[in-house]
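Open the model in your viewer and keep the selection panel at hand. Each stop below says what to select and what is there.

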Amino acid sequence: MGKIEGRNPVIEAIRAEHEIDSIVIANGAQGSVKKIVAMAKEKGILVKYVDKKKLDELAPGENHQGVVAFVSEYGYSELEDVLSKVEKEGRSPFIIILDGITDPHNLGAIIRTADASGADAIVIPKRRSVGITSTVVKSSAGAVEYVPVCRVTNLVSTIKMLKEEGVWVAALDMGGQQLHKSNLKGSIALVVGSEGEGVSRLVKENCDFTVSIPMKGRVSSLNASVAAGVVMYEVLRQRGDSEG
């Protein structure tokens, strides 16, 4: 059984019809809690009221805002299913591949931006990466309910499969061509590495090309989620209205 803490993430989980076992609310909680209760009632979800101290025990160290939902474990998607859906819709796929992202706040922020920028899926490896945790869900502000996350055994094999499907794969790397000078239109997958190590050597070698973000300041790198956001919005900018 998993948990979702915070008002907006719980609201989005209800809207997305996530399988929710129950919602626990602190006695006396006001504001948007009333909306959550009404939505839960409409969906037939059990709502329980407890003292705030009890809620603190249920979600230790989390800013639960007086609301915790108990849900089924996150169901990862199959990348092949995502590609098939995009093809049926007559669109070019836009995939984000994360290599070695271990900070749940970074993953959550990337998922949130992926939803805003129109990415079709996030791909993460089963090893050397954080999975979907309650912290990721909250950091994504509920966007994890709308962006498929695909967990794969081997990133290199996944990249090769994408290339066979006609998807161009670009790695974000300091030595690459400047982002705004690169062609990111059409079917594209972007590989973003960890802050410390970047994209791993073998993964980078299997990409079609590399792109870099122009840096004017004295700091030589960006936070992984910020860097991913910059690249995602460059894809959105280049696509314009052609991809809907």
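In which helix do R237 and E234 both lie, and how many residues apart are they? Select helix 9, residues 224-239: both are there, three residues apart, about one turn of the helix. Bear in mind that this is a predicted model.

**Stop 1: the pair in helix 9**

Show the side chains of R237 and E234. They meet in a salt bridge, at 2.7 Å from N to O. Now colour by accessibility. R237 is exposed, with a relative accessible area of 53%. E234 is buried, at 10%. The cut-off for buried is under 20%.

**Stop 2: the pair in helix 3**

Move to helix 3, residues 52-58, and select D56 and K52. Their side chains form a salt bridge of 3.2 Å, N to O. The two residues are four apart in the helix, which separates them by about one helical turn. D56 counts as partly exposed, at 31% relative accessibility.

**Stop 3: a link between separate elements**

Next, select E17 and K43. Here the side chains meet in a salt bridge, again listed at 3.2 Å from N to O. E17 counts as exposed, at 61% relative accessibility. K43 counts as partly exposed, at 44%.

**Stop 4: a network**

Select K85, E89, R91 and D120. A network of salt bridges links these four residues. Then show every salt bridge in the structure: there are eleven.

**Stop 5**

Switch to cartoon view. In what order do the strands of the open sheet run? The order is 1-4-2-3, four strands with mixed pairing. Strand 1 (2-5) and strand 3 (46-50) stand at the edges. Each has a single partner strand, so one side of each is left without a neighbour in the sheet. Neighbouring strands are turned by 25° against each other on average, direction ignored.

Zoom in on strand 2 and strand 3. They pair in the parallel sense, over five bridges. Pick I25 and look across: Y49 in strand 3 stands opposite.

**Stop 6: the helix across the sheet**

Finish by selecting helix 2. What does helix 2 lie across? Strand 2, strand 3 and strand 4 (67-71). Helix 2 runs at about 150° to strand 2.

Definitions and conventions
Residues numbered from 1 in each chain as written. Predicted model: local features only at pLDDT ≥ 70, side-chain atom pairs only at ≥ 80, totals over all residues. Heavy atoms only, no water. Buried < 20%, exposed > 50% of the residue type's maximum accessible area, 1.4 Å probe, protein only. Pairing = 2+ DSSP bridges. Axes fitted to C-alpha atoms, helices over the stretch in contact; angles between N-to-C directions. Contact = heavy atoms within 4.5 Å.
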